[in-house]
Amino acid sequence: MLNCQAATRLVSEGRERPLTLKERGLLRMHLLICKACGNFEKQVDVIGLAAKRYAKRKD
Amino acid sequence: MRLPGTDNSEAVNSEATLADPVFLGELRSQMLKFATLQMGDAHAAEDAVQEALIGALKNANSFGGRAALKTWVFAILKNKIADALRQKQRLVNASTLLGPEDEDEILPTLFDRVGHWNPEEAPTGWGNPEAAFREGQFWVVFEACLSGLPAQQGRVFMMREFVELDTGEICATVGISVSNLHVLLHRARLRLRDCLETNWYGKGAR
């Protein structure tokens with residue numbers, strides 16, 4: 001079973017490379033029981049979106 | 001030779017790409033944000049971006065498409081930034097940057113000894129991101145959080161998330177391994193979300 005540190009690492013790496021089947025399974029199992037890591041997963045998407053908006057903003 | 005801003009619907013080579021005012025405007029804006037955050041000096045950043053763009057214009061015809069051009073322009077910009085920082089003696093050697101960051105203390109503050117979130121650090125729900133994006137103050141906080149990242153983490157995070165370079169390109173440009181890159185990006189994201197939650201979404205905000 002993954003701990004939260006390992007789960008957040010996989011969430012992060014998932015933005016750079018496709019996770020393996022095993023990694024995806026372990027991560028999904030962890031996210032089923034861990035709301036905080038589920039929030040982390042959403043926040044990482046928000047940060048990526050914000051970075052793109054920020055870069056293209058004219059100020 | 002067409003003038004910039006004239007019809008470039010057939011823009012397939014990078015010479016035409018550099019004559020597209022929308023693409024060029026966005027590229028310049030991305031470069032300027034990147035350079036300003038890296039150098040902490042708006043005027044020096046402006047100079048570095050200008051030099052990199054001039055370099056790109058000189059060699060424009062040797063590049064095939066927008067993606068290749070962008071990768072290449074940012075590689076030039078990164079070198080200009082490194083040169084400028086070296087002149088100011090703020091950067092001794094790019095390879096020494098990894099040392100201190102290996103001892104980055106973020107992980108032990110966030111997770112307990114078995115790797116679970118410390119209760120006060122556990123991520124909470126942020127709600128609809130668009131609501132935050134509409135507020136000018138959000139971008140001030142976001143910029144402050146980005147600027148607060150350790151230098152190497154900030155550099156690779158920006159290359160990945162707002163220049164949108166892929167893993168191989170970043171590793172080759174910065175001179176680090178793939179696993180190093182994953183470590184740096186993981187820490188950068190942990191720090192950024194922590195900073196945003198504390199200063200925008202959380203109890204300490206507003």
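**View 1. Contacts around B:Ala35 in the predicted model.** This is a predicted model. B:Ala35 touches B:Ala45, B:Ala48, B:Val49, B:Leu77 and B:Ile81. That list leaves out residues up to four places away in sequence.

**View 2. The largest nonpolar core.** B:Ala35 returns here, among the residues with the most contacts inside the largest nonpolar core. B:Ala48, B:Leu77 and B:Val156 are the others. The core has 58 residues. Helix α11 of chain B, residues 178-201, gives the largest share, with 10 residues. Both domains of chain B take part: the core draws at least three residues from domain 1 (14-87) and at least three from domain 2 (94-201). In soluble globular proteins, nonpolar side chains tend to be buried together.

**View 3. Chain B, helix by helix.** How many helices and strands does chain B have? There are 11 helices and zero strands. Along the sequence, the pattern reads α-α-α-α-α-α-α-α-α-α-α. Of the 206 residues in chain B, 33% are buried. Now take the contacts in chain B between residues at least 6 apart in sequence. Of these, 63% join residues at least 24 apart.

**View 4. Where the two domains of chain B meet.** Chain B is divided into domain 1, residues 14-87, and domain 2, residues 94-201. Nine residues of domain 1 of chain B are in contact with 11 residues of domain 2 of chain B. On the domain 1 side, the elements that give two or more residues are α2 (21-39) and α4 (66-87) of chain B. Which element gives the most to this side? It is α4(B), with five residues. By class, the domain 1 side that touches domain 2 of chain B has five nonpolar residues, three polar and one charged.

**View 5. B:Glu164, a loop residue with positive phi.** B:Glu164 sits in the loop between α9 (151-161) and α10 (167-174) of chain B. Its phi is near 60 degrees. That is a positive value in a residue other than glycine. Why does B:Glu164 count as partly exposed? Because B:Glu164 has 17 C-beta neighbours inside 10 Å. A residue is buried at 20 or more such neighbours and exposed at 12 or fewer.

**View 6. Helix α3 of chain A.** Helix α3(A) covers residues 35-56, 22 residues in total. From its first C-alpha to its last, the helix reaches 32 Å. That is close to the 32 Å expected at 1.5 Å a residue. Which residues of α3(A) are buried? They are A:Cys37, A:Phe40, A:Gln43, A:Val44, A:Val46, A:Ile47, A:Ala50, A:Ala51, A:Tyr54 and A:Ala55.

**View 7. The contact between chains A and B.** The contact takes 29 residues from chain A and 29 residues from chain B. On the chain A side, α1 (4-13) and α3 are the elements that give two or more residues. Helix α3(A) supplies the largest share of that side, 17 residues. By class, the side of chain A that touches chain B has 12 nonpolar, seven polar and 10 charged residues.

**View 8. Prediction confidence in chain A.** The mean pLDDT of chain A is 94. Of the residues in chain A, 97% reach 70 or more. Among the elements of this chain, α1(A) has the highest mean pLDDT, 98. Helix α3(A) has the lowest, 93.

Conventions: Residues numbered from 1 in each chain as written. Chains lettered and ligands numbered in written order. Predicted model: local features only at pLDDT ≥ 70, side-chain atom pairs only at ≥ 80, totals over all residues. Core = buried A, V, L, I, M, F, W, Y, C linked by C-beta atoms within 7 Å. Helix = DSSP H or I, 4+ residues; strand = E, 2+ residues; numbered from the N terminus. Domains from an automatic or database assignment. Contact = placed C-beta atoms within 7 Å. Expected span 1.5 Å × (residues − 1). Nonpolar A, V, L, I, M, F, W, Y, C, P; charged D, E, K, R; others polar. pLDDT = per-residue confidence, 0-100.
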